[in-house]
Every structure is written in C-alpha cells, then in structure tokens.
Amino acid sequence: AQRDNTIWAMKDVSFTINRGEVVGIIGRNGAGKSTLLKILARITEPTNGFAEIQGRVGSLLEVGTGFHGELTGRENIYLNGAILGMRKTEIDRKFDEIVAFAEVEHFIDTPVKHYSSGMYLRLAFAVAAHLEPEILLVDEVLAVGDAHFQRKCLAKMEDVGRQGRTVLFVSHNMPAITRLCQRTILLGKGGVQMDGPSHQVAGSYLNSEVGNSAERVWPDSTKTPGSDVIRLRALRIRGRDGRLAETVDIREPVGLEMEYDVLKSGHIVIPHFSVYNADGLQVFSAVETDPDWKGRGRPAGGYVTLGWIPGNYLAEGTLIVGAAVNTLNPSIMHFWERDAVAFCVIDNFDGDSARGDFPGDLHGVVRPLLKWSTRFSQNGTEPVEID
C-alpha cells in the first residue's frame, strides 16, 4: 500500500505529500519547480538531500517524454505501460479510453514522429493519466494544448485526485492551480517559501516581490508579446487616484490599463481583459467599447487603453488579470497574456459597503452594493416605507 510520500528535495528543507493529495507547485522561473519534478521522476539526481517516494510514478514533464518516435501510438501506449510495471491485460483494459481521450483514433497506428505537437501532447497526457500511476507528476506542458484540451486535462487530474492518487502539478496558471489543488507549495531562493491552502499561497505569490504585481512591463521590443501588427508594452492596475494599486478598497473603482503599439495602420483593434478570482473562476471579461474607435481602423502609433471597474462590485480577495488584443476581418488574436497582473480587494467593516453590518464571510464572485428599501407595518396599519 502507498504510504505518505516524504520528499527532501532541497538542502535543509523537507515537506511531506500524502496519499490522495493534489498539490500545486509554483514559483518564478528558475525557482526549481521543473527540477523538483525531475528529481522525483528519477531523471535528475539531487545535489543535496534525497527524495523518498512510495508508489508507482507516472510523469508528463516534457511533451512526449518516454515516447519512441519510430513506434506507433499503439506501440508507445504498451511501451509506457510496461515501463510503469503494468501487465498487458491492464493496458488492454485502458487502451480504448486512452485513445478516445487523446482523440487520435485515426492515427493510432502511425509512428508518433509524424504526429503534430498537439497530437503528441494529447496522447502523452492520456497515457500518463490513464495507466493508473499512484503518483502523477505534471509540468507546465499543458500550456501547449488548446483551451478544450486543457479543460479535459484539468478535469482528468481532478478525477485522479478523487480516486485517491497523488498529483503534483507545476504551473504558472494561478486559476488552474487554485481550482485543481487544495494545497500549494511556493518555491524560491533555494527553498520552500510558503506551504498552505492554494488560495492563500497564490494570493501571497501574486502580491509579493516574487510574483506578479500591479504592473508588468516589456521594455525589450523584440521580446514583447504580439505580432508584426500589434505589440504589448505594459499592463497596469490603477487606483482611483491614478497610481499603481496592488490593493484596492472594496468601495473604490479600479482601472485596468493596457499600453500597446499598433505597428500597421488600418486594423480594427479590440483590446480586452479577463479577470479571475483566486479559486480559478472567471469573474468577467471586458472588451474596450470606446465609441471614438468603434469600427475604425487605427493609425500606427502608441495607445493606452484604460477601463474602470466600479466600486462595490468585486468581492474581496485576490483578482488575477489577463489581457489580449484581437483584430477583425479576419479575426486574429495577436497576444494573450494570462495571469499577467494581479491586485487584492480589501473589504471593510465601516458599514457603508455591500457587507453592511454583517461580520461573517460573504461568498460569491461579485459583491454589488444594491439599492435597498424595507417596508414595515405595525398592528395592521398601512406599511411605511423605510429607506
């Protein structure tokens, strides 16, 4: 039987991951997230300490890790199953489910070297998730897939966790981390900086010096997101006074700002934002509707688009903002920066927010301050309206 999986991956640092836990691993580039998974998968030897694992490990660390390009998809499924120590009868039982999940029925007898990167990824994940490893290690490779496939993968990892198996999930996608993982470990500066409930760890990461903040700037024009038509320059969160705002009073408006360059004239440009809460739920999307530019091609030059979220609209907590720009005719998305900037909404107990005099937790995605009236009657007399 699988016991607790105790992992010592860094000098003077230890943490334990128990059977059935789905644990997120986050941190800046270079923090050691992928290296940690490679150590656990026995691909890399640790320079200090050791990793002790109880249970059969399946890993998806790079697209097609463990696949042989000259073998067909069918042959690779059986090869990977054998590597995991599974019998042929076990693989036979899962085979049709793997192929259906990967959506490669028509190519299952084609050598995988001829697969597209998307097909390769779908089959690799399907094999890793369906051949019943007791511990599943998943790196950021899900970012390669399209949105439909990412949703399927996340749902499958949820199923794996519910079946009592252990999942370690490395990602920069905070909504996916908070949705999938009850617990998250933040790595940085050679050790574990935080270990706890996902929404708390993700919120601390996003609003600290080691993570995203209220401003993200791309100073190098050769590395900025975009195309030969549009280039992103910066994304910012602004408070009522116009200053950068990492925290916002729940009663105050908050601005979402995008700075970008239009490199070729004549295109109808549509900037838009998506806002997620710390549980990974999309709160809303907002598309620029400035009437001065509606339906008009824009001349080349620099632009700053700013949209305001009204006060007493958002619920308290960490909000994560992604940004994109599309053009029309044909519809093309020139960049999509998810989890780009973040801010924290702080509630108050002054009685003049949507909380009123209620002291407890208020759940929900938004918290609008409604216009209320209360009617009161006494002894059967005509009700009197009290504002």
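The model is predicted, so local features need pLDDT of at least 70 and side-chain atom pairs count only at pLDDT 80 or more, while totals for chains, interfaces and linings use all residues. Residues are numbered from 1 along each chain as its sequence is written, and side-chain values use heavy atoms, with hydrogens and water left out.

Strand S7 covers residues 183-188; helices (H or I, at least four residues) and strands (E, at least two) are DSSP runs, numbered from the N terminus. Because 6 of the 6 residues of S7 are buried, the strand is largely enclosed by the rest of the structure. Buried means under 20% relative accessible area, exposed over 50%, and partly exposed in between, with a 1.4 Å probe and protein chains only. In a regular strand the side chains alternate between the two faces of the sheet. In S7, Arg-183, Ile-185 and Leu-187 point one way and Thr-184, Leu-186 and Gly-188 the other way, and all are buried.

Strands count as paired if DSSP finds at least two bridges between them. Strand S3 (residues 22-26) pairs with S7 in the parallel sense over 4 bridges, and Val-23 stands opposite Arg-183. With strand S8 (residues 191-197), S7 pairs in the antiparallel sense over 6 bridges; here Gly-196 is the bridge partner of Thr-184. S7 and S8 form a hairpin with 2 residues between them, and Lys-189 in the turn has a positive phi of about 55°.

Next come the helices. Helix H2 (residues 73-83) packs against H3 at an angle of about 135°, with the axes 10 Å apart. Axes are lines fitted to C-alpha atoms, for helices over the stretch in contact, and angles run from 0 to 180 degrees between N-to-C directions. H2 and H3 are therefore oblique to each other: angles under 35 degrees count as roughly parallel, over 145 as roughly antiparallel, 65 to 115 as roughly perpendicular and the rest as oblique. The contact (heavy atoms within 4.5 Å) involves Arg-74, Ile-77, Tyr-78, Gly-81 and Ala-82 of H2, and Lys-88, Ile-91, Asp-92, Phe-95, Ile-98 and Val-99 of H3.

Lys-94 also lies in H3, which spans residues 88-102. Lys-94 counts as buried because its relative accessibility is 13%. Beyond its neighbours within four places in sequence, Lys-94 is in contact with His-130, Leu-131 and Glu-132.

Gly-295 is in the loop between strand S14 (282-287) and strand S15 (301-309). Gly-295 counts as exposed because its relative accessibility is 58%.
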